[in-house]
Amino acid sequence: MRIFDLAYILALGAGLGLGSAHWAVAGRPVIGKVEVGAWTAWPASGSRAIDPYMRAYLARGVHLPLGSGEGLELIAERDDNGRALDGRCRYHLGGATPTTRGWTIGITDGDGLPFRLQLERSTFTDSEVVRPEDGGLSIIASATPEAGNWLPLPASGRFQVRLRLYDTPISSQTGETRAANLPRIERIDCR
Amino acid sequence: MSAVGHDMAEPPQAAPSPTIGWRTRLRSGLARFLMTTLAGLILAAIVHIVTILAIPTLSQRDAVHAYRELGGGSRAELLPAPGNARGLPTPREVDPNVVTAVCSYDLSAGPMRVVARTGTLPLGLTLHRQGGGIVYAITDRAAIRGVLDFLVMTEAQRDERIAEDEEGETSRELRVVSDTEQGLIVVRVLVRLPSDRADAEALATSVECGMAN
């Protein structure tokens, strides 16, 4: 009976402990996540104040995160109304970009890799994008071609929008950034 | 008759005792199950914490291990393209508009000196320690007369250097302490336009990283 108890304790401890540890760092950990509007960021991942979960997540793969002070990566998986981004819909990316020396905005899959589409245009940099008269940002993301700044989407399925800001002052105070200072992601229509 | 009466009288006394025994046994069994479950959960929490803290030191798949051979000379080397002959992996979640070059360092032989000349494209330098985490980040905006120059060393090497400094004179060199002996110096140059790529690659690979002494 005592051996059975011990075996039960060990099985529960090892199974639950290892399982929960694997689950906690299989993806980007919830701890340290900062949400601003539709965007999420992990600003502590690029500093000495990194939390153990993020450190374990980074150590489990070939990751080279941006250093805080070097830049900031913002990831959006949902539009401004909280609906998951879907390749069957058209989206308008517009509004302001924070003060930065350079930025890039791109479409990736859930693992951060660009989709293999016929047209190799997965990102825009701040120099490449064509701006309207007011100098703002206006990009259309859709599976079918659009006039102006067009980012092709996969025909269907989930995708992510990644905004990378280089040499930006907001990397150290991401939590205090207002959503109005970041690009908006608005769904236009769906097929 | 007396025997029957005795038998009849016996059950009312004996009947409650098995039920009490059964109940107490159930209760003690349940208590024991809860205690062992609690012990198991506490052990699970300990295993969870130890695993999370051990992953960075035990992992062999992190960027520092993957790119250990790169930039061992005196200059940063560009990250290999996917499907390269050396079988090196490509980093995950990278920006396709950025040219990345790395220099691996090993401080066991002494401090490293990193010298980067700035160009027109934004350049960032980061120090990644083994097992995840960035020790130091600097951009070309901090350059003095177009040059970024700093030393990477361990805590002990810094103390040694401070002891060697001339009395009363302030040292002008920038000293960065790395808490692990092995690590990576990552050079990132933003490619603003596709035509800038050659310039960006030249700028990234012009970063020098050699022994300080």
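Select chain B and colour it by secondary structure: along the sequence, its elements run α-α-α-β-β-β-β-β-β-α-β-β-α-β. That makes 5 helices and 9 strands, where helices (H or I, at least four residues) and strands (E, at least two) are DSSP runs, numbered from the N terminus. Chain B is more spread out than a compact globule, because its radius of gyration is 33 Å, well over the 17 Å that the globule rule gives for 213 residues. Here the radius of gyration is taken over C-alpha atoms, and the rule is 2.2 Å times the number of residues to the power 0.38. Along the principal axes, the C-alpha atoms of chain B fill a box of roughly 120 × 50 × 30 Å.

The model is a predicted one, in which local features need pLDDT of at least 70 and side-chain atom pairs count only at pLDDT 80 or more, while totals for chains, interfaces and linings use all residues. Residues are numbered from 1 along each chain as its sequence is written, with chains lettered from A and ligands numbered from 1 in the order in which they are written.

Next, select V102(B), V114(B), I185(B), V187(B), V189(B), A204(B) and V207(B), the residues with the most contacts inside the largest nonpolar core, which has 81 residues. Such a core is a set of buried Ala, Val, Leu, Ile, Met, Phe, Trp, Tyr and Cys residues joined through C-beta atoms within 7 Å. A residue is buried if 20 or more other C-beta atoms, placed from the backbone, lie within 10 Å of its own, exposed if 12 or fewer, and partly exposed in between.

Centre the view on V189(B). Leaving aside residues up to four places away in sequence, V189(B) touches V98(B), V99(B), L121(B), L123(B), A200(B), L203(B) and A204(B). Contact requires C-beta atoms, placed from the backbone, within 7 Å. Buried residues make up 34% of the 213 residues in chain B.

Now move to chain A, which has 2 helices and 10 strands. Of its 191 residues, 38% count as buried. The C-alpha atoms of chain A fill a box of roughly 80 × 40 × 30 Å, taken along the principal axes.

Colour residues 1–30 of chain A as domain 1 and 31–190 as domain 2; these bounds come from an automatic or database domain assignment. The domain centres, taken over C-alpha atoms, are separated by 36 Å. Where the domains touch, 5 residues of domain 1 of chain A are in contact with 9 residues of domain 2 of chain A.

How values were computed:
Two residues are in contact if their C-beta atoms, placed from the backbone, lie within 7 Å.
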